[in-house]
Amino acid sequence: MFDTLSDKLDSVFKKLRGHGRLTEQHIKETMREIRLVLLEADVNFRVVKSFIAKVSERAASQEILKSLTPAQQVIKVVREELSRLMGEGEDNTLNLSVKPPVPIMLCGLQGAGKTTTCGKLALKLRREKRNPMLVPADVYRPAAIAQLKTLGRQLDVEVFDSQAGQDPVDICDQALRYAELNGFDTIILDTAGRLHVDTELMGELQRIVNKVQPQEILFVADAMTGQDAVTVAASFDEQLPLTGVILTKLDGDARGGAALSIREVTGKPIKLVGMGEKLDALEQFYPDRMAQRILG
Ligand code: GDP
């Protein structure tokens, strides 16, 4: 993951270190190179523009140019701004401390990793001593219901009994009441996805939101799809009160664009990241660690 981005930034910084003393011209040239590297990594162009503006302003200060280790200082600025771009300093933990049962809704396009992530999330919550129930609300793909039931069996987590053809809003509502009566403190709603954003899907998701008022509404984004993931996230964010993002498939050879742009474009924090197909491959997202990893 991020290998190409890391390698390219590394060569930019090598050149910078080679100069010893730095001039404003060196900074300008470095910023131009970083800009290209980020665009090649598929980072949203508006995000690149504001990022470069911030880094340039800080890096070209006399304090940095006259310091004993100017190149190191510039790299430090880039690292700080990268982690800020990914949400450093914000609370990105799941906010579940409300009266149970707490509904968590996952939404996103087909194939993004929603169903798998529902299973991973159930495991994570159980390890945190919660008692979750999985709710299949994708009634258009019977395979999705079966997939969630299989995951439930694997994890020994109850899966609410819904059938293809039922109204997803009713399923979620009934599941909430069932959870209340049966001592589940969290319900994880696996909603339907489509290949593209469409108004019918959005209407359905909005009705679920209005009915069960999920505490967390998490957009599941496939990091491998780069810019597309960001565009789709922005569109979901316009139509639903998202509370955060789960970025999946970060274990693949994603170029980095989605991870670096999605927070800035949607204004919503990346809360969790999927690092593999296995059920324990869901991790808390730490912007500073990610920035550190990108800069090697
Ligand atoms: P859905 O249509 O959004 O419910 O997507 P699925 O949960 O069915 O996932 C689609 C594919 O992505 C499956 O083959 C999953 O195993 C795979 N997948 C999901 N999350 C990850 C991840 O973090 N890393 C990798 N490598 N694969 C993942």
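Cys172 is buried, with a relative accessible area of 0%, where buried means under 20% (1.4 Å probe, protein chains only). Cys172 is in no disulfide, and the nearest cysteine sulfur, that of Cys118, is 11 Å away; a disulfide is a pair of cysteine sulfur atoms within 2.5 Å. Keep in mind that this is a predicted model, in which local features need pLDDT of at least 70, side-chain atom pairs count only at pLDDT 80 or more, and totals for chains, interfaces and linings use all residues. Residues are numbered from 1 along each chain as its sequence is written, and side-chain values use heavy atoms, leaving out hydrogens and water.

Cys118 also counts as buried, at 0% relative accessibility. The structure holds zero disulfides; for Cys118, the nearest cysteine sulfur belongs to Cys107, 10 Å away.

Now let's look at the nonpolar cores. Each is a set of buried Ala, Val, Leu, Ile, Met, Phe, Trp, Tyr and Cys residues joined through side-chain atoms within 4.5 Å. The largest has 80 residues, and Ile34, Phe236 and Leu247 touch the most other members. Helix H5 (residues 70–85) gives the most to this core, with seven residues; helices are DSSP runs of H or I, at least four residues, numbered from the N terminus. A second, separate core of 24 residues includes Ala112, Leu148, Val220 and Ile246.

Definitions and conventions:
Buried < 20%, exposed > 50% of the residue type's maximum accessible area, 1.4 Å probe, protein only. Helix = DSSP H or I, 4+ residues; strand = E, 2+ residues; numbered from the N terminus.
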